[in-house]
Number of protein chains: 2
Amino acid sequence: MYDMTITLQADSKKCLYEQIYEYIRDEIREGKLLAGERLPSTRALAENLQVARSTVDYAYEQLLSEGYIEAKPYRGYFVCKVEELLRLQGAGVGASDAMQAAPVGQESGQALKGKSKPEYDFDFYPNGIDMSGFPFGVWQKITRNVLSFDNNELFALGKPQGDEDLRATIGRYLHASRGVNCTPDQIIVGAGNDYLLMLLEKILGRHVRVAMENPSYKRAYRIFCSFAYHIERVGMDEHGMSVSDLEKSGASVAYVMPSHQYPTGTVMPIGRRMELLKWAGAKEERYLIEDDYDSEFRYRGKPIPSLQASDTMDKVIYIGTFSKSIAPAIRVSYMVLPKKLLEVYKQNCFFYSSTVSRIDQRILNEFISQGYFERYLNKARKIYKEKHDLLVEQLKPFLKEFRLYGDRAGLHVLLTSKEGIDETQLIERAANHGVKVYPMSDAYLGPEEDGRPETNTVILGYAGLKLEEIEAGIARLKKAWLD
Amino acid sequence: MYDMTITLQADSKKCLYEQIYEYIRDEIREGKLLAGERLPSTRALAENLQVARSTVDYAYEQLLSEGYIEAKPYRGYFVCKVEELLRLQGAGVGASDAMQAAPVGQESGQALKGKSKPEYDFDFYPNGIDMSGFPFGVWQKITRNVLSFDNNELFALGKPQGDEDLRATIGRYLHASRGVNCTPDQIIVGAGNDYLLMLLEKILGRHVRVAMENPSYKRAYRIFCSFAYHIERVGMDEHGMSVSDLEKSGASVAYVMPSHQYPTGTVMPIGRRMELLKWAGAKEERYLIEDDYDSEFRYRGKPIPSLQASDTMDKVIYIGTFSKSIAPAIRVSYMVLPKKLLEVYKQNCFFYSSTVSRIDQRILNEFISQGYFERYLNKARKIYKEKHDLLVEQLKPFLKEFRLYGDRAGLHVLLTSKEGIDETQLIERAANHGVKVYPMSDAYLGPEEDGRPETNTVILGYAGLKLEEIEAGIARLKKAWLD
């Protein structure tokens with residue numbers, strides 16, 4: 001029988017049983033203890049090592065449970081036949097080094113955009129927001145209340161579609177503010193639009209021909225590409241997606257942003273909406289995805305009703321988010337399904353558990369139903385309108401050489417050089433003056449290999465900048481582009 | 001020109017401009033105002049209605065922006081040609097009724113399971129948990145601190161993979177407690193395992209032949225089914241998935257739970273793990289998905305290292321969650337990708353934004369890195385072990401007629417009738433005594449139409465029950481099954 005001489009270190013931070021366990025394990029791994037070999041009895045080894053027998057028992061127990069050794073009744077412990085053990089050498093090692101090395105997760109494109117880079121003094125980032133009006137205190141208070149009573153039920157897994165209260169609240173909000181017609185049962189709460197689109201893939205099926213305006217929201221395009229979806233780039237006029245082109249495209253689903261198209265800012269007039277709905281109504285498999293991403297922010301007239309509000313044929317899939325209206329960090333979006341698709345969801349997707357913590361759902365529900373959301377929105381609107389108006393005012397001197405548009409709503413505007421100066425040149429000149437503006441070409445769809453289309457348009461977001469920054473930034477752009 | 005006589009109600013809760021806007025809109029919708037017809041000038045209408053001109057301006061502005069009317073320079077406002085307007089009649093109506101009707105969202109199967117139903121006094125629900133040891137106060141305190149400084153950056157959209165701090169913390173935790181070898185860069189944080197599997201579909205591709213043990217975790221099965229995945233049901237012996245059957249199945253990916261298979265409780269010995277790793281290493285496209293769903297809870301020896309810890313060939317996709325160890329409501333799971341797949345992720349999936357709010361990520365990171373998680377786990381382990389030991393103790397009288405297994409770890413045990421009493425009968429008899437136990441057949445894979453396999457085994461979860469409830473519940477089962 002194999003004679004085991006283990007030198008135990010009393011001072012080691014590893015307890016004795018661990019040292020014994022690891023010693024024997026390594027002996028087996030390194031092939032010094034061979035399959036079938038018998039181990040000393042726990043009593044023998046305990047005496048031999050001058051440790052409590054229970055210590056050895058514990059070590060053997062561990063080796064047993066991991067399958068290094070087996071116990072044969074009345075005969076003792078034997079080393080198992082473990083295949084490929086030699087391959088193991090070095091496994092489990094190097095990890096800690098790896099942990100030290102700990103390379104920083106590479107930032108993805110859109111994550112990078114998230115913050116302005118040092119070399120820029122002013123970043124007109126289109127997806128910035130201004131949280132200065134956000135009632136952190138209230139959010140805290142609500143959070144505290146929600147957490148204060150330790151409520152097992154609240155910590156249990158919620159309904160896949162989201163909690164009823166929140167869905168009812170969202171339903172009321174959407175009906176009041178966007179004219180959306182739905183029952184809470186049609187609403188699915190999810191952790192962001194990207195997730196909801198993934199879920200929608202499971203509902204609409206795998207091989208959908210989806211039409212998108214061009215330019216459009218690039219992330220949605222990338223997501224559809226990552227599905228088996230075939231994407232039809234459909235042209236748009238000043239009213240939005242061209243329905244005749246849509247008809248020609250053979251698409252069965254159209255993704256649109258009727259209230260405020262990104263990036264062009266086009267607001268789809270009721271006539272075009274009707275044409276779209278008529279198109280969708282003409283065939284059973286046809287649907288419209290309405291991405292109502294920033295409809296909360298409008299500076300003239302009241303918000304335009306949603307396309308879904310005009311849908312009498314159960315054809316509009318309505319998607320909206322609190323990431324824009326509250327904060328990107330709030331990963332809560334909602335999707336309103338037509339009744340037909342709701343059935344499909346309940347058939348095929350009921351087992352996907354909710355992606356939003358119930359605590360967050362409860363907090364959000366309180367925030368909205370207690371009227372804080374409304375108040376915050378009004379505050380945010382005021383803040384954004386002030387910035388918007390200042391920006392538009394400051395841009396007046398540009399209007400001889402630039403066309404300004406997309407300024408009726410949303411949190412960005414577009415500037416097109418009338419003299420046809422290329423966007424890259426505009427961006428470069430701005431950069432030389434420490435100002436970051438964004439290329440329209442980013443929003444054009446199509447495989448990267450196609451390269452960027454030529455545009456003379458840049459996008460300026462203003463939500464994330466302070467008033468004085470907007471003023472100073474535009475002053476720089478004046479130097480960069482007009483002098 | 002169309003003569004407009006609008007009767008305005010000063011007492012209406014609708015402001016004047018809205019009344020004017022809606023009147024004209026409806027006139028157009030109902031075809032009383034025809035395309036091309038000219039509207040009165042804002043001045044004329046303002047005088048006519050005895051309202052401020054700005055009120056009319058505002059109403060027209062709204063009609064313009066919604067596309068009901070158009071403004072022709074120097075000529076005035078004209079009704080647009082709006083297709084299909086008559087279809088619109090009734091649109092936007094019925095909503096409020098619908099909102100009142102507000103049918104309750106149908107509960108999905110697994111959501112239903114979430115709570116015990118009234119007719120049961122004791123519910124041995126396998127996915128229950130015990131939050132009694134949870135430091136709500138600490139969680140609150142951390143939340144308060146995280147929210148206290150209004151931190152724009154925290155409210156901005158985070159990295160798609162999750163925040164670096166949290167990933168580093170998870171990496172350290174996984175290395176220390178599970179022997180997982182990875183860099184934070186390999187970790188993807190997501191809102192639940194279901195979501196991470198959806199993401200994995202985008203990484204592994206659409207047509208994967210995936211092998212699952214049978215019985216196995218039914219939700220994972222359903223999710224794979226909802227993909228284009230072809231599922232191979234592979235038999236298992238007392239060591240877990242049969243590698244020879246796996247080889248025969250032609251699968252390229254195997255989904256396993258080596259530390260504690262659900263529902264059988266099998267702990268895969270190192271030998272079988274090596275065989276699996278060898279299988280995976282044999283072909284480039286092969287991978288192992290390790291679902292380490294409840295490894296935190298073990299009652300003998302220290303936790304078994306993960307399969308990933310033994311992986312020297314970059315073949316294991318490791319998935320774990322805090323939903324089990326902290327609370328189902330905490331929708332935070334993590335996936336450790338092999339480096340090869342990480343590249344694919346960065347190529348094809350970088351644009352999927354994170355599904356976990358940064359606030360929650362920050363709170364969780366503080367909770368773990370300040371040592372509270374460790375402490376809570378130890379507390380929870382103690383609580384669960386006490387329940388586990390009591391349950392096993394109470395079940396002793398059953399051992400003549402039942403085989404007890406799956407009791408080394410996890411939060412449930414299995415009982416098999418030696419006399420071959422069918423599970424349905426066992427469940428029925430238990431139900432007659434007000435006790436809910438769960439059928440093993442639920443965990444068997446295969447299309448519903450195949451019907452349930454015959455089993456003589458029931459599943460008893462105990463995490464969600466109080467000690468006295470366990471005692472009382474088992475006493476009832478004794479009456480139900482033994483007397």
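Predicted model: local features only at pLDDT ≥ 70, side-chain atom pairs only at ≥ 80, totals over all residues.
Biologist: What makes up the secondary structure of chain A?

Modeller: Chain A has 18 helices and 17 strands. Helices (H or I, at least four residues) and strands (E, at least two) are DSSP runs, numbered from the N terminus.

Biologist: Why are H16(A) and H18(A) called roughly parallel?

Modeller: Helix H16 (residues 372–395) and helix H18 (residues 467–482) of chain A have axes that cross at roughly 20° and come within 10 Å. Axes are lines fitted to C-alpha atoms, for helices over the stretch in contact, and angles run from 0 to 180 degrees between N-to-C directions. Angles under 35 degrees count as roughly parallel, over 145 as roughly antiparallel, 65 to 115 as roughly perpendicular and the rest as oblique. H16(A) and H18(A) are therefore roughly parallel to each other.

Biologist: Which residues make that contact, and how do they divide by class?

Modeller: H16(A) contributes Glu386(A), Lys387(A), Leu390(A), Leu391(A), Gln394(A) and Leu395(A), and H18(A) contributes Leu467(A), Ile470(A), Glu471(A) and Ile474(A). Contact means heavy atoms within 4.5 Å. Six of these residues are nonpolar, one is polar and three are charged. Ala, Val, Leu, Ile, Met, Phe, Trp, Tyr, Cys and Pro count as nonpolar, Asp, Glu, Lys and Arg as charged, and the others, Gly among them, as polar.

Biologist: What makes helix H10 of chain A mostly covered?

Modeller: In helix H10 (residues 218–226) of chain A, seven of the nine residues are buried. Buried means under 20% relative accessible area, exposed over 50%, and partly exposed in between (1.4 Å probe, protein chains only). The buried ones are Lys218(A), Arg219(A), Ala220(A), Tyr221(A), Ile223(A), Phe224(A) and Ser226(A). Over chain A, buried residues make up 60% of the 483 residues.

Biologist: Why is Ile20(B) called buried?

Modeller: Ile20(B) has a relative accessible area of 0%, so it is buried. Ile20(B) lies in helix H1 (residues 16–29) of chain B. Leaving aside neighbours within four places in sequence, Ile20(B) is in contact with Ile6(B), Leu8(B), Leu45(B), Leu49(B), Val51(B), Thr55(B), Val56(B) and Ala59(B).

Biologist: Why is Lys382(B) called exposed?

Modeller: Its relative accessible area is 62%, so Lys382(B) is exposed. Lys382(B) lies in helix H16 (residues 372–395) of chain B.

Biologist: What makes the phi values of Gln50(A) and Asp314(B) worth a remark?

Modeller: Most residues other than glycine have a negative phi, and most peptide bonds are trans. Phi of Gln50(A) is near 60°, a positive value, and Gln50(A) is not a glycine. Asp314(B), also not a glycine, has a positive phi of about 60°. Gln50(A) is in the loop between helix H2 (42–49) and helix H3 (53–65) of chain A, and with a relative accessible area of 70% Gln50(A) is exposed. Asp314(B) is in the loop between strand E10 (287–291) and strand E11 (316–321) of chain B, and at 21% relative accessible area Asp314(B) is partly exposed.

Biologist: Which omega values go with the cis peptide bonds at Pro263(A) and Pro215(B)?

Modeller: The cis bond joining Tyr262(A) and Pro263(A) has an omega of about 0°. The cis bond from Asn214(B) to Pro215(B) has an omega near 5°. Pro263(A) is in the loop between strand E9 (253–256) and helix H12 (270–281) of chain A.

Note on methods:
Residues numbered from 1 in each chain as written. Chains lettered and ligands numbered in written order. Heavy atoms only, no water.
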